[in-house]
Amino acid sequence: SLDESIGSRLTKLCDAELHRDAKDLKKSLKDEKVGAMGSMIFARCQGHWMYMLPFSVGGRNASFTQISSFLVSVQSKIFFPHKFEALLKELAMVYASDGTPLRVLEGYLSAITIGRFQNYNESAFSDQDMQTSNLKVSIRWMIEMFEVEAVLIWSCMMLKKRMVVYSSKILELQRFLRIIPALVPHRDSWSSLRPYCVGDEEDEEELRSSSFFVAGVVEPMESNKELWDIYVDISSQSITVADHAKKEFAATSVHKDVANF
């Protein structure tokens, strides 16, 4: 079922995220009474956005004796990272302080019914703010990284082709992915994002069934050329066009003008 599929995907993503840098965080927080928040990540499964915020428990936190870290997640059909990050921070902090999931449930129900919980206030996040927030990204950072080759990313979005973006650093990857739909602001391209793929059979099946996507991966997928039309490697700052797509990505005077602009 849909719920089972999303639940399975969420479990895999949470497990991967909680193990990332866990040892270093645990060591650095040995004298902390509460703990420290990580950075929010987001993923997408069957039309649902999943927002996840990890929290590393402090070594002196009396609410947890056998738990070193946890992750709070919410699901939504809208792409609004700024809004859900604000909510997740409140939910994570109340759980870290009280140690009971009932307070998390109370906070979530309060947020969705009356629009407020702790420092979270839904009225601060309007639909207009959503559009502004989603487009408020540093396109210059991407262009400085790839220079004239950045036009290939723009072309991929204009042609609605398949793009895989790789970085071994999840936060760098997700920052980059948020820029790409902003290259075509006249379109609602956020639904094309698959911002956190773990590379299992479920991911590959979803990618194979789609003719237009921007998928983020933390494990190299350059050899799986049948899955992508262009492959963006942030780590090596390189862009590869698959042989079967080179004709469609051939440079024209329009591409040259965009690149020079």
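**Helix pairs, cysteines and a buried valine**

Visitor: At what angle do H3 and H4 pack?
Guide: This is a predicted model, so everything here is computed from it. Helix H3 covers residues 81-98 and helix H4 covers residues 101-113. Their axes lie 8 Å apart, and the packing angle is about 155 degrees.

Visitor: Is H3 roughly parallel or antiparallel to H4, and what is the hand of the crossing of H3 and H4?
Guide: Angles over 145 degrees count as roughly antiparallel, so H3 runs roughly antiparallel to H4. As for the hand, the crossing of H3 and H4 is right-handed.

Visitor: Which residues make that contact, and how many are nonpolar, polar and charged?
Guide: H3 brings Leu87, Leu91, Val94, Tyr95 and Asp98. From H4 come Pro101, Arg103, Val104, Gly107, Tyr108 and Ala111. Sorted by class, that's eight nonpolar, one polar and two charged residues.

Visitor: Which residues of H6 and H8 meet, and how many are nonpolar, polar and charged?
Guide: On the H6 side you'll find Ile139, Trp141, Met142, Met145 and Phe146. They meet Glu172, Arg175, Phe176 and Ile179 of H8. By class, the tally is seven nonpolar, no polar and two charged.

Visitor: How many disulfides are there?
Guide: A disulfide is a covalent bond between the sulfur atoms of two cysteines. The test here asks for a pair of cysteine sulfur atoms within 2.5 Å. By that rule, the count is zero.

Visitor: Are Cys45 and Cys197 buried or exposed?
Guide: The cut-off for buried is under 20% relative accessible area. Cys45 has 2%, and Cys197 has 7%. So Cys45 is buried, and Cys197 likewise counts as buried.

Visitor: Where does Val214 lie, and is Val214 buried or exposed?
Guide: Look in strand E9, residues 213-217, for Val214. Its relative accessible area is 0%, and anything under 20% counts as buried. So Val214, in strand E9, is buried.

Visitor: Which residues does Val214 touch, leaving out those up to four places away in sequence?
Guide: Take Met163, which is 51 residues from Val214 along the chain. The C-alpha atoms of Val214 and Met163 are separated by 4.7 Å. With sequence neighbours up to four places away left out, Val214 touches Met157, Met163, Val165, Leu177, Ile180, Ser192, Leu193 and Arg194.

Note on methods:
Residues are numbered from 1 along each chain as its sequence is written. This is a predicted model: local features need pLDDT of at least 70, side-chain atom pairs count only at pLDDT 80 or more; totals for chains, interfaces and linings use all residues. Side-chain values use heavy atoms; hydrogens and water are left out. Axes are lines fitted to C-alpha atoms, for helices over the stretch in contact, and angles run from 0 to 180 degrees between N-to-C directions. Helices (H or I, at least four residues) and strands (E, at least two) are DSSP runs, numbered from the N terminus. Angles under 35 degrees count as roughly parallel, over 145 as roughly antiparallel, 65 to 115 as roughly perpendicular and the rest as oblique. A crossing is left-handed if the near helix is turned anticlockwise from the far one by less than a right angle, and right-handed if clockwise. Contact means heavy atoms within 4.5 Å. Ala, Val, Leu, Ile, Met, Phe, Trp, Tyr, Cys and Pro count as nonpolar, Asp, Glu, Lys and Arg as charged, and the others, Gly among them, as polar. Buried means under 20% relative accessible area, exposed over 50%, partly exposed in between (1.4 Å probe, protein chains only).
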